[in-house]
Amino acid sequence: MNRVNRYLFSSFLSTFASLFATLFLIVSIVFFIQIARITSYIDISFFELLKLYLFMLPQILLFTIPIGFFVALAMSFFRLSRENESIVIFTLGYNPKDIAKFFLKISTILSITLLFIALVAMPTAMNLNNNFVAYKKTKLSLNIKPSEFGQKFGEWMVFIDKQNIDENLSKYENIVLYNHNKDNERFITASSGDITNENARLNLILKDGYIYDIKDNKWNVSKYDLLTIRSNIQDSSNDNFSIAAYWKQTSSDPKVAKNLTIYCLIALFPLASTLFALSFGIVTYRYEKGMVYIGIFAVLSAYFTAILLLSKHPFYGIPLVFVVTFLLSQVAFINKVVKKY
């Protein structure tokens, strides 16, 4: 790496570090909110919360690094143009093509790394996440708390008045369950109840209560001594997960096909957009002050719109979007930078 490339890289790296840290924090907060939703039906510790976050880390990196790289590269060169440093570099005889080759090498290495994250790390992490949640569901970790509304047990809304600590007593007291569908409504009350695990299926055992069925404005009331409600929560973990088998589902499973398109194109975005970033960043500041912001927004909007439109067709969507974006970036770089400097 020569002295000029080292200087340009250090300038880019400082911009990328601050921008990536901001994006990483914002996206992490969004994913923490998603994790928090899981705690509405299973009980997890602080260390298990961190484990779930680590499972989502590949996804966070995949969505933050490409955007951070593109924006940071454009903004770092825009700052050099604003301070006339890029003009000085070109005046001293440094060719813009050499800058492009240098950053294309960096973006190629970065895209290859991101492809590994997208195709290997992410499916593995998602499987581990799903297995962990399935395991917690089948280990009586349901987070049903007393005096709180909006809690669920399977298809039933649950409210409990009291939770006993004494193991000799029923775990819950004064329970109310509610279920509603298009045909009827049903209330169930119980003086006490417990949760049991039977063959990896959760059961709610209710004692001494009433069942209220409401249909066509008619009420039917039944009394019971013991009632078992079986939940559809069961062990859905996959211990025989294979990355190759997962991606083979692309032709048969639209969700897997969509994931393949989105993940691969996001991973390839740094390589596809490098020349666009240089085209927007290397400017004559006096005449092109706001071009960088318009260009960044236009490329991001167009690229991610194309991903969404072709997400169901990975086999021609991935090469089409990548090749067209890369060719357009070459045209922009030649016309905006090479011909001028």
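The model is predicted: local features need pLDDT of at least 70, side-chain atom pairs count only at pLDDT 80 or more, and totals for chains, interfaces and linings use all residues. Residues are numbered from 1 along each chain as its sequence is written, and side-chain values use heavy atoms, with hydrogens and water left out.

**Nonpolar cores**
- The largest nonpolar core has 62 residues, and Phe70, Phe77 and Leu278 touch the most other members.
- A nonpolar core is a set of buried Ala, Val, Leu, Ile, Met, Phe, Trp, Tyr and Cys residues joined through side-chain atoms within 4.5 Å.
- Helices α1, α2 (46–82), α3 (85–91), α4 (96–137), α5 (243–248), α6 (254–281), α7 (291–309) and α8 each supply at least two residues of this core.
- Helix α6 gives the largest share, 17 residues.
- Helices (H or I, at least four residues) and strands (E, at least two) are DSSP runs, numbered from the N terminus.
- Beyond four places in sequence, Phe70 is in contact (heavy atoms within 4.5 Å) with residues including Phe269, Phe276, Phe280 and Leu300.
- Another core, of 17 residues, lies apart; Trp156, Ile188, Ile211 and Leu227 are among them.

**Salt bridges**
- The structure holds 4 salt bridges (a side-chain nitrogen of Lys or Arg within 4 Å of a carboxyl oxygen of Asp or Glu).
- Asp213 pairs with Arg186, with the closest N and O atoms 2.5 Å apart.
- Asp213 is in strand β5 (residues 201–215) and Arg186 in strand β4 (residues 185–198), so this bridge ties together parts 27 residues apart in sequence.
- Asp213 is buried at 15% relative accessible area, whereas Arg186 is partly exposed at 32%.
- Buried means under 20% relative accessible area, exposed over 50%, and partly exposed in between (1.4 Å probe, protein chains only).
- Asp208, Lys223 and Asp225 are linked in a network of salt bridges.
- In it, Asp208 meets Lys223 at 3.4 Å, N to O, and Lys223 meets Asp225 at 3.9 Å, N to O.
- Asp208 is partly exposed at 41%; Asp225 is exposed at 62%.

**Thr15**
- Thr15 sits in helix α1 (residues 3–38) and is buried at 13% relative accessible area.
- A polar atom of its side chain lies 3.2 Å from the backbone oxygen of Ser11.
- Beyond four places in sequence, Thr15 touches Ala72, Met75, Ser76 and Arg79.

**Leu320**
- Leu320 belongs to helix α8 (residues 314–338) and is partly exposed at 44% relative accessibility.

Methods. Polar contact = N/O pair within 3.5 Å; in protein donor to acceptor, adjacent residues only side chain to side chain.
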